[in-house]
Amino acid sequence: MKTNCMTPKAMEITMEQLECVAGGQPFEEAFADTALYRAGVSFVNVIFGSDEFYVNGTAISKDTAKDLREKSKKLWKEKYAQSGDYVAYAREWKQVLKDDYDLSWNGLMGTYSVHAW
């Protein structure tokens, strides 16, 4: 028979401790959206691991993916969003990728996939 004196005393934990124990969520920071895919960046969301980013099969870092997203978004908004001219955007963006990042791009939108490893 168990009595109250045998029950361990409950202790209150801080929010920091709770976050450490609970872990929040199994995903890294997420910033994927249409702008990322329009930039030609493919995103592999890895559960319990590091996310992966590619341009036309070439691996790039998360920081480079963020940079490409922002530059592509700016180019699209400033020059092509109003007309919706993806072809003209793709021509210019392909040249930016080649000149500034030494990346070859086939003009296709990036993709999203999720892996659990």
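1. On the source: the structure is a predicted model, in which local features need pLDDT of at least 70 and side-chain atom pairs count only at pLDDT 80 or more, while totals for chains, interfaces and linings use all residues. Residues are numbered from 1 along each chain as its sequence is written, and side-chain values use heavy atoms, with hydrogens and water left out.

2. On the overall make-up: the protein has four helices and four strands, where helices (H or I, at least four residues) and strands (E, at least two) are DSSP runs numbered from the N terminus. Read from the N terminus on, the order of these elements is α-α-β-β-β-α-α-β.

3. On burial and surface: 27% of the 117 residues of the protein count as buried, a term that means under 20% relative accessible area, with exposed meaning over 50% and partly exposed in between (1.4 Å probe, protein chains only). The protein exposes about 8,200 Å², of which carbon and sulfur atoms supply 55%; such areas come from the Shrake-Rupley method with a 1.4 Å probe, and for residues only the protein chains shown count as cover.

4. On contacts along the chain: among contacts between residues at least 6 apart in sequence, 54% join residues at least 24 apart, contact being defined as heavy atoms within 4.5 Å.

5. On the helix pair: helix α3 (residues 62-80) packs with helix α4 (residues 86-101) at an angle of about 140°, and their axes are 11 Å apart. Axes are lines fitted to C-alpha atoms, for helices over the stretch in contact, and angles run from 0 to 180 degrees between N-to-C directions. The two helices α3 and α4 are therefore oblique to each other, since angles under 35 degrees count as roughly parallel, over 145 as roughly antiparallel, 65 to 115 as roughly perpendicular and the rest as oblique.

6. On the residues between these helices: the contact includes Leu 68, Leu 75 and Trp 76 of α3 together with Tyr 89, Trp 93 and Leu 97 of α4.

7. Leaving aside residues up to four places away in sequence, Arg 69 touches Phe 31, Asp 33, Ala 35 and Leu 36.
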